[in-house]
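Here is a short walk through the aromatic rings of one protein. Have the sequence and the 3D view ready.

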Amino acid sequence: MNPDFPLSLEFFPPKTPEGAQKLAAARQQLYALDPTFCSVTYGAGGSTQDGTLQTVQAILAEGRDSASHFTCVGATRDSVREKLAQFKAMGLRRLVALRGDLPSGYGSMGEFRYASELVAFIRAETGEHFHLEVAAYPEMHPQARSPQADLQAFATKVAAGASSAITQFFFNADAYFRFVDEARALGVNVPIVPGIMPITNASGILRFADSCGADIPRWIRLRLQSFGDDSASIKAFGLEVVGALCERLRAGGAPGLHFYTMNQSGPTLAICRQLGLVA
């Protein structure tokens, strides 16, 4: 891997023993990329906490740096303090601090309304022990009032003590570059790493994008729909589109790439081969 162009990977906690075996095999293949770290997602209200921590521990045991996602929705200061102690005891040095979504059945947001409050609390409790990643939304968080309000919320998170940021996935490089320029104009100087989603399944990526507010350009959407059930054509087109996006981001000065692997090794490795980042 080019040391000047860091790569990182995201996994989700598997739900079954078979899923855990498949993920372990995928991780071993993806380690060929020499990732800076591997993050593991956390369900709404921390619903996958045990699976997250087990996966994080497995990655650490494999000699790789890991990051646990950490949501604060529904949490109290005491519960966060307790979790931070657990993370420290595990040897974890990196967290992805998020507000998270309020799961059904939860009556209140808890003691933290925003990710910026969680970041500030972690810094107050643990100093510089953790490298804190936060989320960024080049095309605006779906619940934000306006792009300006969303950008200001991002700047507030960084000012609270974030070390760097990872973006929501996107397919429009211009949206990313504009977001970075506007963030810099507000005084944000931490690395803002593009989040990259490989395209392997048309209905899946369209549904996922619609649910999280990521824009799929009309020409990509129409091409994907035109392939029907032809998975080979969808994968080839996806590799071409996402590979070109990554090349443009790298050429434009992005500080690295963070791949949403969906617990598969093939699509991410194919993109990185196209970029010349792995043999």
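The paragraphs below go from ring pairs to a cluster, and then to charges over rings.

Keep in mind that this model is predicted. A search of the whole structure finds ten aromatic pairs. Take the pair of Tyr42 and Phe70. Their ring centres lie 6.1 Å apart. Their planes meet at 85 degrees, so the pair is edge-to-face; planes over 60 degrees apart count as such.

Where do Tyr42 and Phe70 sit in the chain? Tyr42 is in the loop between β2 (38-40) and α2 (49-61). Phe70 belongs to strand β3, residues 66-71.

Phe87 lies in helix α3, which covers residues 77-90. Strand β3 holds Phe70, 17 residues away from Phe87. This pair, too, links distant parts of the chain. Both Phe70 and Phe87 are buried.

Tyr42, Phe70 and Phe87 form one aromatic cluster.

Arg64 lies over the face of Tyr31, 4.7 Å from the ring centre. Over the ring of Phe5 sits the charged end of Arg250, 5.7 Å from the centre of that ring.

Definitions and conventions. Residues are numbered from 1 along each chain as its sequence is written. This is a predicted model: local features need pLDDT of at least 70, side-chain atom pairs count only at pLDDT 80 or more; totals for chains, interfaces and linings use all residues. Side-chain values use heavy atoms; hydrogens and water are left out. Rings of Phe, Tyr and Trp (its six-membered ring) pair if their centres lie within 6.5 Å; planes under 30 degrees apart count as stacked, over 60 as edge-to-face and the rest as tilted. Helices (H or I, at least four residues) and strands (E, at least two) are DSSP runs, numbered from the N terminus. Buried means under 20% relative accessible area, exposed over 50%, partly exposed in between (1.4 Å probe, protein chains only). A charge sits over a ring if NZ of Lys or CZ of Arg is within 6 Å of the ring centre and within 35 degrees of the ring normal.
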